[in-house]
Amino acid sequence: MVSFFCPNCFTKIPTKVAVCPRCGIDTESWKQKHTYFDQLIHSLKHPISEARMGCIISLGNQRNPKAAIPLAECALLYSIDVWQAMEIIRSLRKLPDSPEKETAFKMLLEHPGSVIREEAAADLTK
């Protein structure tokens, strides 16, 4: 069974609900006001890890350097999920070289997972 969530606050809502009962936003209006890229960035804070993972992969495939810092923030926010953080490293590697990408790898040097710190450090020395 497919679950639907408010695109703003991620509250689980029925399919046909137009206004979120928790945050009060019009779900369709919210989607129209935000680009797909912005929706992906926002969804890095989704409570379901599989939803975040889809966003991480999509952002890497888009190769937009503006995704770098939000991706690193996601890895740090959900630091217990090392698999997700490794996917973030892979997505960051797809991005073109930029100050944002370098900053993201520097941020990941503070990740509690040693493998993530090692991978970030390796990318900074290239």
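Start by selecting helix H5: Gln84, Ala85, Met86, Glu87, Ile88, Ile89, Ser91 and Leu92 are buried there (buried means under 20% relative accessible area with a 1.4 Å probe, protein chains only). Helices here are DSSP runs of H or I with at least four residues, numbered from the N terminus.

Before moving on, note that this is a predicted model, where local features need pLDDT of at least 70, side-chain atom pairs count only at pLDDT 80 or more, and totals for chains, interfaces and linings use all residues. Residues are numbered from 1 along each chain as its sequence is written, and side-chain values use heavy atoms, with hydrogens and water left out.

Stay on H5 and check its length: its 13 residues reach 19 Å from first C-alpha to last, close to the 18 Å expected at 1.5 Å a residue (the expected span is 1.5 Å times one less than the number of residues).

Now show what covers the buried residues of H5: the cover includes helix H3 (49–62), helix H4 (68–77), helix H6 (99–108) and H7.

Next, select H5 (residues 82–94) with H7 (residues 114–124): they pack at about 10 degrees, with axes 10 Å apart. Axes are lines fitted to C-alpha atoms over the stretch in contact, and angles run from 0 to 180 degrees between N-to-C directions. H5 is therefore roughly parallel to H7 (angles under 35 degrees). Display Val82, Ala85, Met86, Ile89 and Arg93 of H5 against Val115, Ile116, Glu119, Ala120 and Asp123 of H7 to see the contact (heavy atoms within 4.5 Å).

Last stop: Thr27, in helix H1 (residues 27–33). Thr27 counts as buried because its relative accessibility is 7%.

Terms used:
Helix = DSSP H or I, 4+ residues; strand = E, 2+ residues; numbered from the N terminus. Buried < 20%, exposed > 50% of the residue type's maximum accessible area, 1.4 Å probe, protein only. Parallel < 35°, antiparallel > 145°, perpendicular 65-115°, else oblique.
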